[in-house]
Amino acid sequence: MSTLPAPHPKERRIIFGNVSEQNYAPDLETYLAHGGYNEAKKAFTMKPDEIIAEVKAANLRGRGGAAFPTGVKWGFIRRDDGKPHYLCVNGDESEPGTFKDGVILHQDPHQLLEGIIITCFALNIHLAYIYIRCEFTHAKAILEKAIEEAKVRGFLGKNIFGQGFDLDVYVHEGGGAYICGEETSLLESLEGKRPYPRIKPPYFPAVLGLYMSPTIVNNVETICHVKHILRLGSSEYAKMGTAGDGGTRIMCVSGDVMRPGTYELPVGAVTMGELIFDICGGLRPGRSLKAIIPGGSSSKVLRADEVFKIKKPGADGAMIEQETKLVDLVLDAGSVAAAGSMIGSAAVIVMDDSRNMVWALNNLNQFYAHESCGQCTPCREGVLWMSKVSTRMLAGRGHASDPKMLHTIADNIAGRTICAFGEAASWPTQSFTEKFAEEFATAAAQQ
Amino acid sequence: MTSTTAIQASQIPPALLEKIEEAITHYPVSRRSAALPLMHLWQNHFGFIDESGIEWIAAKLELQPIAILEIVTFYPWFRQTAPGKTIIRVCRTLSCAMAGSYELHDQICKATGIDSEQGHSHGMPTSPDGKFSVEFVECLASCGTAPVCMINNDLVEKVTSADIETIVAQHS
């Protein structure tokens, strides 16, 4: 993992502030020299409810994919219910296109630990697990070294910061399964069971989570933001973003752009066009834009020439509907949702006119076919069927009815499964076949 | 579950046992939670988990062997047979595929003597000389530096055809 290039003028590196520096080391002394643990100390001067109120007012939304308001999620925990509470930090980072949490885990582990301390104090949690994907083979040792350093300094363990508060943090490695990013699957995995997502309701692990106790599951980046909300104050933090979606968001751009990479941008500060053509240096010479997957492979694909009807406040404050091209689409959770997709994990995969959409969808179908946990029949069977149908279309063995069949299979998965994997696996097929209908029809007719 | 090849449990060195005992302390609420950590420690030491390993881990955590077997078989990371000396994992998913990971995978399979048709499906075929196992894996979370692969425990970014030649030569 290399150092990030100099920030683009539109960037505001808060989470990636430290790792932007040349030779920034993941040890405690370096972190302390960069203002480390100041906000953890500050948190103990505040009331837990004040911290929760700050996170709510900051409009922080989860950075793992669902963009759920973090403060609202925290609000489900009743601090004084007499039960043990747990925090599970989701560092399973497996959504295709996403590559931001690994940077924090490997290069700035203390920032995550500081976020964990603040979160645990606010929610009366004394045991936290950092669940990481095992393919991050060096991250466990890096995190455990950081935990040990923090313990020696009295920042973790018993009576942290001399405040009479105990907190233990452990690192837990997964086994290379995408499903474990789903929060209830993660909990089952952490309990040592087959990681089948849990039946809902209860909808939130904050009600019944790890070991059937109230549990908060938050993404790595989300937890890091908590420190900066306390540092900047909720109003300045919220101001960086748009209404209901505060702060910065780390965009991960991959695919057909000149400068792929991670870019930490104030939420809503740039449009899709600015991200691709300015910040990422545009496409390769002679190429034109064909499609964008805006928020990880599970989000619905957007076609380059699409025009969306998006509601915006007009001059008099009343909402008006405005026609918006893809390149003018503002990158915040609300706008991307209004365009019929989702900001998800902010993983933007760019495809130029050289790309075959049947090939691209088939690649994703094979991913979902491999990663379905197999618990629910519509998903277990459906994702394999979709993969087989797109494979045969690509091999010139398709039938004219295949695009419709693909769509029908997807329709019969989404909404019929225990977890959101059903939707995640169906949305690519539904959107690709709808938006590139001609290309799919041509491929189906080819023998 | 008995097998003549199931010998790992009789060869646990004290250092491994110490790590196992320590890992169990991370889960004060439920010993069962230590299943994955123990499987990792076991596989890191022995290279794979044999039947005796499954039975030993289960007994250690006060579980039936099926409780360990069902997760060994669930997770792609764990294996029940010995891999090649060097494990090469090539990312198969979209951003890497767009950057040429299928071609790289074919090249690696050819250079190591593995049937690439076998390799394009999931699984971890081993070269006839036992030097390499090659796995076509799903997204490794480094899409910005595609194509990527892992050589044993190390990530290699922006892999080129020339890199593959060097890597295979180095580990042959």
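The legends below describe views of a predicted model with chains A and B.

Residues are numbered from 1 along each chain as its sequence is written, chains are lettered from A and ligands numbered from 1 in the order in which they are written, and side-chain values use heavy atoms, with hydrogens and water left out.

**View 1. Overall fold of chain A.** Chain A contains 17 helices and 12 strands (DSSP runs numbered from the N terminus: helices are H or I of at least four residues, strands are E of at least two). Its radius of gyration is 22 Å, close to the 22 Å from the globule rule for 447 residues, so chain A is as compact as a globular protein of that length (taken over C-alpha atoms; the rule is 2.2 Å times the number of residues to the power 0.38). Along the principal axes, the C-alpha atoms of chain A fill a box of roughly 75 × 50 × 45 Å.

**View 2. The five-stranded sheet of chain A.** An open sheet with mixed pairing runs in the order β7-β6-β12-β8-β9 in chain A (two strands pair if DSSP finds at least two bridges between them). Strands β7 (261-266) and β9 (302-303) of chain A are the edges, each pairing on one side only.

**View 3. The β8-β9 pair of chain A.** Strand β8 (residues 289-293) of chain A pairs with β9(A) in the antiparallel sense over 2 bridges. Ala291(A) is opposite Arg303(A) in β9(A).

**View 4. Burial and contacts in chain A.** Of the 447 residues in chain A, 62% are buried (under 20% relative accessible area, with exposed over 50% and partly exposed in between; 1.4 Å probe, protein chains only). Among contacts in chain A with a separation of 6 or more, 69% are between residues 24 or more positions apart (a contact means heavy atoms within 4.5 Å).

**View 5. Overall fold of chain B.** Chain B has 8 helices and 4 strands, and from the N terminus its elements follow the order α-α-α-α-β-α-α-α-β-β-β-α. A box of roughly 50 × 35 × 25 Å, taken along the principal axes, is filled by the C-alpha atoms of chain B. Buried residues make up 53% of the 172 residues of chain B. Of the contacts in chain B between residues at least 6 apart in sequence, 60% join residues at least 24 apart.

Key. Predicted model: local features only at pLDDT ≥ 70, side-chain atom pairs only at ≥ 80, totals over all residues.
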